[in-house]
Amino acid sequence: MTSHKGTIVVSIWLLSCSSIGFVVRSWNLKQYVLSSQDFVQAAEKTTQTLDSEQVVVSKIMSSATSTEDQKGRHQHARHTSPDGGKCISMHSWHEQSYPNCNLVHELRFISALRDGDVEYIARGGINNVFHYSNLPLNESLALKILMYGSNQEYEYTYHDLKSVRHDSIVMERLTKSPYIFDLYGYCGFTLILPFVTGGTLDGRLKELHGKLQPENQNNTNQSTRTVDSMTQLRYAVEIAKGLRDLHDIDEDGVPSATHGDLNELQYLFKDGKLMLGDFNKGEFLSKSSKTGRPCTYKPPYTNRLYQKAFRSPEEYSNMQQTAATDVYALGSLLYYILTGNPVWEQYLKRKYRKKLHQWVKDGKRPEIDSKIVNSKDPSIVAIKTAYEMCTRYDPAERATAKNVSDYLEGVWQELVEDGA
């Protein structure tokens, strides 16, 4: 059993098979809508087998080559040494894992599902999220479960196992950070996390800029609504601290892990503070065996990046990447905080896609309203400056996440002391 910040929790091993279905919210198991007739039977069979993970992992490992080579979609990131040496892991923990699968039965997922103690909440790009309630000590957990494998037959591959392990090990190492979600348990393709109800950065920014009406609030005239710049600055400080802690995970000033998908939906509010999660698209960075200098890398799934407007010039150009790629994405979030609009929002339709890609490749930035550009508000000036620090065209010239965090935190402290 693992203890994190005084909270003792357990993990669950769920559904290591491709027959996982989509489950919709309901309090009665008979009313659940399943995309597969044998969802419950498959789940029961899986949870009855103590060594099921070993069986599944063995199958995945034995078929890794054949499944990952299809159309080049599931290959590992290609690391390139700066000096001809071999790229090796920066730290031994990159190759470690800490699953606690032997506690699987203590949550009794299938029974809890039938009893109404497990509720389907939402789905992301590749995961389903369940809310697990009625636990001892009134604990409330979230179960994040990979909903299907990533190959053409939706079978699990070695890449899937690796991505979930990456997610878990980053949170395990960053339990010390107040800006990264804690990991309560992990096994196979399932993570046990805190259950939070504070919403996403995306939703809060829409409220802040008057695009989404907050709950339990009377209608207001949005045209006369004033955006609280100190709140904007606080959000900027907190998201920068989350990325800073990820990049300085070993507290040696050298980034050894990336996020790979930093956007407004990856930051959630817990107890009023923004916290970062979802590290399964990130990469553990490597170093040269000759000199110890960091290697660059080119990640898989480059065919999917075109759906994301927050991507960097090097990503759109399919070039080698470093931790600076995350910093560019941080800049895109600062733009959203500053303006109330996601980057390139008006150019996300397919007909503008080629033009948008070329603009980003050429280093063009989205326009900012002249009122913001000319603002003398110190909070606005600070966020605008940090945005420019993050989005320099050359990755080598971009500020580090720590540089940005320290700058924003310094401005915040000065304004607080001055009574702003």
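Me: Which residues does Lys 384 touch, not counting residues up to four places away in sequence?

Reply: This is a predicted model. In it, Lys 384 touches Leu 338, Ile 372 and Val 373. Lys 384 itself is found in helix α12, residues 378-390.

Me: Why is Lys 384 said to have no salt bridge?

Reply: A salt bridge needs a side-chain nitrogen of Lys or Arg within 4 Å of a carboxyl oxygen of Asp or Glu. The nearest side chain of opposite charge, Glu 388, is 5.9 Å away, so Lys 384 is buried yet has no salt bridge.

Me: What makes a set of residues a nonpolar core, and which residues have the most contacts inside the largest one?

Reply: Members are buried nonpolar residues of the listed types, joined through side-chain atoms within 4.5 Å. The largest such core has 72 residues, and those with the most contacts inside it are Leu 233, Ile 239, Tyr 267, Leu 330, Leu 334, Val 404 and Leu 408. Helix α9 (residues 324-339) gives the largest share of this core, 10 residues. Apart from it lies another core of 15 residues, among them Phe 130 and Ile 145.

Me: Why are β5 and β8 placed at the edges of their sheet?

Reply: The open sheet of 5 strands runs in the order β5-β6-β7-β9-β8, with antiparallel pairing. β5 (118-123) and β8 (185-187) each have a single partner strand, so one side of each is left without a neighbour in the sheet.

Me: How do you know that β6 and β7 pair?

Reply: Pairing requires at least two bridges. Strands β6 (residues 127-132) and β7 (residues 141-146) have 6 bridges in the antiparallel sense, so they count as paired. The bridge partner of His 131 in β7 is Ala 142.

Conventions:
Residues numbered from 1 in each chain as written. Predicted model: local features only at pLDDT ≥ 70, side-chain atom pairs only at ≥ 80, totals over all residues. Heavy atoms only, no water. Helix = DSSP H or I, 4+ residues; strand = E, 2+ residues; numbered from the N terminus. Buried < 20%, exposed > 50% of the residue type's maximum accessible area, 1.4 Å probe, protein only. Lys, Arg positive; Asp, Glu negative; His and termini not counted. Contact = heavy atoms within 4.5 Å.
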